[in-house]
Amino acid sequence: SENLTRVVDYFQRASGRDEKFARAKAGLARVYSILPGYSQVGGTDSLGPSGERIARQALAIDSTLVDGHVALANALVAEARPLEAVAEFRRALILDPRDATAHQWLGDALNLLGQQADAIREGRAAIDLDPLSAVAANDLAYTLLCAGQFAEALVESHRVRELDPGFAIIDYYAGEALAFQRQTDSSVAAFERFFRLDSLAPEARSMHVWRFALVGDWSAAEDELRALDRTIT
């Protein structure tokens, strides 16, 4: 989140120097749409509508700007409007079929809609175009997890770990996949590794519920679940 706040500053300065610089506006909109998922700072959820507004400004300047369509689509996802987002991602891919991020984020939107087969296809397309992207591999691992393809999700989790050993959330997804495969010890180890890397993540508390339940400590799991419920409500 610290890097992303600096990115916001750079895009704002670029846009301020040239109000007709559509790519700067599109870049700012993209950051606004993803910042809530990376930030531990409160108030970032309100950036979704700002991302949409700024993306539309960019497209008003240049309707052929791929970044503008991708930014608008992801802003729509952030506002829980995945159907509209899918249409916008497809517009971006008509303009540039080789935009890896458009494929990746289209896959995320399709996964939200429960269209896992299409989502997996888009996720794999993103990795084919950008094989060194840990984020793309992470998103595909999550989609495979949602689709119940646990072995395949673990393959992608290994890819993420090779690309970026500090990419914490992948250990959470790996822990879930291993748990569904009844590999309890490995699952607990993955959850513990995730907690060591990112104990402040929203998923950290739910990881404790998983961990205690996997080893049969139901009292501790229920205590953690009640504590998690209090943080949500």
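A salt bridge is a side-chain nitrogen of Lys or Arg within 4 Å of a carboxyl oxygen of Asp or Glu. By that rule, the structure holds 14 salt bridges. This is a predicted model, in which local features need pLDDT of at least 70 and side-chain atom pairs count only at pLDDT 80 or more, while totals for chains, interfaces and linings use all residues. Residues are numbered from 1 along each chain as its sequence is written, and side-chain values use heavy atoms, with hydrogens and water left out.

## Salt bridges

Side chains of opposite charge can pair when their charged atoms come close. Accessibility is given in classes: buried means under 20% relative accessible area, exposed over 50%, and partly exposed in between (1.4 Å probe, protein chains only).

| Pair | N to O distance |
|---|---|
| Glu-88 and Arg-91 | 2.6 Å |
| Arg-161 and Asp-171 | 2.9 Å |
| Asp-223 and Arg-226 | 2.5 Å |

Glu-88 and Arg-91 both belong to helix H5 and lie three residues apart, about one turn of the helix. Glu-88 counts as buried because its relative accessibility is 8%. Arg-91, with a relative accessible area of 43%, is partly exposed.

What separates Asp-223 and Arg-226 along helix H13? They are separated by about one helical turn, because they stand three residues apart in H13 (residues 218-232). Asp-223 is partly exposed at 41% relative accessibility, and Arg-226 is partly exposed with a relative accessible area of 46%.

Arg-161 and Asp-171 also meet in a salt bridge. This pair links distant parts of the chain, with Arg-161 in helix H9 (residues 150-163) and Asp-171 in helix H10, 10 residues apart. Asp-171 has 1% relative accessibility and so counts as buried, whereas Arg-161 is partly exposed at 21%.

Some salt bridges join into a network, which links Glu-52, Arg-56, Glu-79, Arg-81 and Glu-84.

Glu-176 is located in helix H10. Leaving aside residues up to four places away in sequence, Glu-176 touches Leu-145, Phe-191 and Trp-210.

## Helix packing

Two packed helices are described by the angle between their axes and the distance between the axes. Axes are lines fitted to C-alpha atoms, for helices over the stretch in contact, and angles run from 0 to 180 degrees between N-to-C directions. Angles under 35 degrees count as roughly parallel, over 145 as roughly antiparallel, 65 to 115 as roughly perpendicular and the rest as oblique. A crossing is left-handed if the near helix is turned anticlockwise from the far one by less than a right angle, and right-handed if clockwise.

The axes of H4 and H5 cross at roughly 165° and come within 8 Å. H4 and H5 are therefore roughly antiparallel, and their crossing is left-handed. Residues making the contact include Val-66, His-69 and Val-70 of H4 and Pro-82, Glu-84 and Glu-88 of H5.

For H11 and helix H12 (residues 203-214), the axes come within 10 Å and cross at roughly 155°. These two helices are therefore also roughly antiparallel to each other, and H11 passes H12 in a left-handed crossing. Among the residues that meet are Phe-191 in H11 and Trp-210 in H12.

Helix H6 (residues 100-112) and helix H8 (residues 134-146) pack at about 20°, their axes 10 Å apart. H6 and H8 are therefore roughly parallel, and H6 passes H8 in a left-handed crossing. Gln-104, Asp-108 and Asn-111 are the H6 residues that meet H8.

## Two residues with positive phi

Most residues other than glycine have a negative phi. Ala-80 has a positive phi of about 60° although it is not a glycine. Ala-80 sits in the loop between helix H4 (66-78) and helix H5 (82-95), and is exposed with a relative accessible area of 64%.

Arg-182 has a positive phi near 60° and is likewise not a glycine. The loop that holds Arg-182 runs between helix H10 (169-180) and helix H11 (184-197). Arg-182 counts as exposed at 74% relative accessibility.

Conventions. Helices (H or I, at least four residues) and strands (E, at least two) are DSSP runs, numbered from the N terminus. Contact means heavy atoms within 4.5 Å.
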